[in-house]
Amino acid sequence: MRETADLSAVRPYGDHLNDGLVQVTFTLPVPYGLAARHAALELARTMRLTEPEVVHYQRLCDGYTYFVVIGQCRQSVDFATLREGAFDIQYLTEPEIDRLIEEQIGRRVVVIGASTGTDTHSVGIDAMLNLKGLDGRHGLEAYHGFEVHNLGSQVPNARLVEQAIAVNADAILVSQTVTQQNLHLHNLTELVEIAEAEGIRDRTLLICGGPRVSHELAKELGFDAGFSKGTYPDHVGTYIAKEMVARRAIASTTATAG
Amino acid sequence: MSADHLADLVAEAQRVAVIGLAKNTGKTRTLVALLAELHRRDRTVGLTSVGRDGEATDVVDPRITKPRIPLPPGGLVATAEPLLRAAGLPYEVVSRTGYSTPLGRTMIARLPAGGAVEVAGPSSNQGTAEVTAAMRRHGADIVLVDGAINRRAASSPAVADLVLLATGAALHTEFEQVVEQTVAAVEVFALPCSGDPAVYDAAATMTGSVAITGSGAVVPVDRALTLGGAGADLSRLLAGPDGAQHVVLSGALCEAFAEETRRAARGRKVSLVVTDSSKVFLAQRTSDWYRRQNVSIEVLKPTVLAAVTVNPVMPFSHRFDSVALRTELSARLPNLYFCDLGPHVD
């Protein structure tokens, strides 16, 4: 039987539970040689890795050396408390999402997406929505449960909201490269405000994605969810399906109670 | 002194929205000053945020540390459940709401001993109005609604009786631009009410946007036109002797529609009427500019702007002279109270 982890003190897993094994890769601007190897081990120790080993190193170019180092991390995190204290979603697979939609919603979920404002970067939104998806994982277009409309890039917020109403969208997805400039933030808040002004805010899930979008930023911007690096279409699909089911459940309790 | 006067200004209101013109204009500071002053006056306070507030560092620029929000003892708060738990303060659950946010589902709680808490209530107007009413029912004399970034939706009279506006150096690196952008924003909050009874009659029964022609006919205006963007052909709507005199919008007034209206009306006087000022989205031109072009932007319900707080500092960037900024703003907007709740650190 597989040993179960103590979720109040989770350590990295290498070969067996709680061995704390981690691997780090980095480059140092030093010439390829034995001194470089010493430097890498010294650096690993300052990272608080115990028993560090250089398992691979190679010359990158003159004066630069690349390393793969393994070592033991003695620190642990309290996953149990963290999970209880933070917002969490457990991801479903494509067939699971389709089944959830079919069984609990009973119709296809309409999703509309775009890169808005002056943003020409449609890579993110395309990866989430288009058939080919990302890294061998289908975009939402491939799912039975979703009807997808991708408006492309540089779409004005007003037009996106107009189209969302026209196709009766359940969810609006936008991608935006957020910088510290107010411009990008204000383009995202404008979408939320126009959706509010048009009276669709509470019946549409607003989702934003981009390399610097966190849950915290999404909340400030007024979105229902924010997705960042490391996101796959099934993550977004899970969120939409689960949130719609949750909202329907709340609406029906309220209706029964009222 | 200025916080004291702010509290005087909001004393009679039940629902007060604190709205900023950008990030780092001082919404949190305004909120903290008001909370302390209202507590001193023995008023039970309820607090919600359409964004998130009370966090230790800024979400966009982590170098910027932010003021914490100490809720006075007995105060009520609408926030995401995980944030409330993380605060580690004693609390009583008043009710759970159906509103979810990226930080968790929101609930209303009373903090018997008060304390610093992160506030992230429902993001929408409907949700905000709902938790505001619930906190009032559970004993809050006054509810403060905290805005986020530059979001203005919560300034709607449907959500707040009174609005406090935060502006400052974060808007722009140039003094003149901070003044111009603040003046333009205040003009939108202060948009006049429509004076034509026909507009209110039409608004009472309309299911979408409508135009009222010179002869009094009411014709529907498709959303594809109002939100359609540049190049929307409004000449059929506005040209000719019986062209529209008023367009009453059920939703947003976007810049492209205002611009196309101006073009199609060819100098004839037209009014564009929105429910309230939070439905107006102008970025290129000011409402004053449109008025001078004979396109008058009006509202059905006015927004009451009580005061403007001015933060003359943008951390890690630039600062202006606070007195000079307030003097200039007062000269341009003479009937409004401006104050600086400093000191500011950068």
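What follows are my entries on the interface, a sheet, a strand, a helix, the cores and a few single residues.

**Ground rules.** I am working on a predicted model, where local features need pLDDT of at least 70, side-chain atom pairs count only at pLDDT 80 or more, and totals for chains, interfaces and linings use all residues. Residues are numbered from 1 along each chain as its sequence is written, while chains are lettered from A and ligands numbered from 1 in the order in which they are written.

**Interface.** I started where the chains meet: 41 residues of chain A are in contact with 40 residues of chain B. Contact here is a matter of C-beta atoms, placed from the backbone, lying within 7 Å. Next I checked which elements of chain A are involved. I take helices (H or I, at least four residues) and strands (E, at least two) as DSSP runs, numbered from the N terminus. H6(A) has the largest share of that side, with 10 residues. By type, I get 17 nonpolar, 11 polar and 13 charged residues on the side of chain A that touches chain B.

**Sheet in chain A.** I then traced an open sheet of 3 strands in chain A, with order S1-S3-S2 and antiparallel pairing. Two strands pair if DSSP finds at least two bridges between them. S1 (21–28) and S2 (49–61) of chain A are the edge strands with a single partner each, so one side of each has no neighbour in the sheet. Ignoring direction, neighbouring strands of this sheet are turned by 20 degrees against each other on average. Angles use axes fitted to C-alpha atoms, for helices over the stretch in contact, and run from 0 to 180 degrees between N-to-C directions. S2(A) and S3(A) (residues 64–73) are joined by 9 bridges in the antiparallel sense, and I found Val54(A) opposite Val69(A) in S3(A). Helix H1(A) (residues 34–46) lies across S1, S2 and S3 of chain A, at about 140 degrees to S2(A).

**A buried strand in chain B.** How many residues of S8(B) are buried? I count 5 of the 5 in S8(B) (residues 142–146), so this strand is largely enclosed by the rest of the structure. Buried means 20 or more other C-beta atoms within 10 Å of a residue's own, exposed means 12 or fewer, and partly exposed is in between, with C-beta atoms placed from the backbone. Ile142(B), Leu144(B) and Asp146(B) point one way, Val143(B) and Val145(B) the other. S8(B) pairs in the parallel sense with S1(B) (residues 15–20) over 4 bridges and with S2(B) (residues 45–49) over 5 bridges. Asp146(B) has Val18(B) opposite it, and Ser49(B) also stands opposite Asp146(B).

**Helix H1 of chain B.** In H1(B) (residues 2–10), I marked Ala3(B), Leu6(B), Ala7(B) and Val10(B) as buried. Seen down the axis, these fall within an arc of 100 degrees, so they line one face of the helix; the arc is that of the directions from the helix axis to the C-beta atoms. The face turned away carries the exposed Asp4(B) and His5(B). Among the packing partners of the buried residues of H1(B) are S1(B), H2(B) (27–40) and S9(B) (162–168).

**Cores.** The largest nonpolar core has 154 residues, and Leu144(B) and Leu253(B) are among those touching the most other members. Such a core is a set of buried Ala, Val, Leu, Ile, Met, Phe, Trp, Tyr and Cys residues joined through C-beta atoms within 7 Å. H6(A) supplies its largest share, 7 residues. Another core, of 6 residues, lies apart and includes Ala36(A), Ala40(A), Ala44(A) and Leu49(A).

Asn18(A), in the segment before S1(A), has a positive phi of about 70 degrees although it is not a glycine. Asn168(A), in the loop between H5 and S6 (171–175) of chain A, has a positive phi near 55 degrees. Asn18(A) is partly exposed, whereas Asn168(A) counts as exposed.

Conventions: Two residues are in contact if their C-beta atoms, placed from the backbone, lie within 7 Å. Ala, Val, Leu, Ile, Met, Phe, Trp, Tyr, Cys and Pro count as nonpolar, Asp, Glu, Lys and Arg as charged, and the others, Gly among them, as polar.
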